[in-house]
Amino acid sequence: MNALFRSFRRLAARNPRLRSVAARPGGRWLTMEDLRVRAERLSRDLAAAGMKRGRICAVATGNGPLFPVAVLAVWSLGGVALPLEETIAPAEAARLHDAM
């Protein structure tokens, strides 16, 4: 688990009800606790799929609330999040993957 994710977990533990990101424009907010729970759930899924420390993980979620969830999940595993446009063509994503 990297230092950034550890810092986030400490902040979330101290301020679980603090608003973190909007779930959708004009919608309800995700609290720090919501964000932590979702990131840890995704982290388990990524680990089960083979994500390991030092690996690069593409994050193609757009600018919504899933972006910080995905980045925190990747960081929690010691990975590097690579933001991509959510509309990236599969062939372009494959080319990037092969180049890494």
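Four arginines, Arg-6, Arg-10, Arg-14 and Arg-53, form a patch of positive charge on the surface. The model is predicted.

Arg-10 sits in helix H1, which covers residues 3-14. Its relative accessible area is 47%. Exposed would require over 50%, and buried under 20%. Arg-10 therefore counts as partly exposed.

Stay on helix H1 and move to Phe-8, which also belongs to it. Here the relative accessibility is 10%, so Phe-8 counts as buried.

Now step back to the whole chain. Its secondary structure consists of four helices and four strands. Followed along the sequence, these elements run α-β-β-α-β-α-β-α. The C-alpha trace spans about 40 × 30 × 20 Å along its principal axes. The protein chain has 100 residues, and 33% of them count as buried.

Look for Ser-76 in helix H3, residues 66-76. Its relative accessibility is 8%, so Ser-76 counts as buried. What does the side chain of Ser-76 reach? It reaches the backbone oxygen of Ala-73, at 2.7 Å.

Conventions. Residues are numbered from 1 along each chain as its sequence is written. This is a predicted model: local features need pLDDT of at least 70, side-chain atom pairs count only at pLDDT 80 or more; totals for chains, interfaces and linings use all residues. Side-chain values use heavy atoms; hydrogens and water are left out. Helices (H or I, at least four residues) and strands (E, at least two) are DSSP runs, numbered from the N terminus. Buried means under 20% relative accessible area, exposed over 50%, partly exposed in between (1.4 Å probe, protein chains only). A polar contact is a pair of N or O atoms within 3.5 Å; within protein, one must be able to donate a hydrogen and the other to accept it, and residues adjacent in sequence count only if both atoms are side-chain atoms. Patches are made of residues with over 30% relative accessible area and no salt bridge: like charges are joined within 9 Å, nonpolar side chains (Val, Leu, Ile, Met, Phe, Trp, Tyr) within 5 Å. Accessible areas come from the Shrake-Rupley method with a 1.4 Å probe; for residues, only the protein chains shown count as cover. A salt bridge is a side-chain nitrogen of Lys or Arg within 4 Å of a carboxyl oxygen of Asp or Glu. Lys and Arg count as positive and Asp and Glu as negative; His and the chain ends are not counted. The place of a charge is taken as NZ of Lys, CZ of Arg, CG of Asp or CD of Glu.
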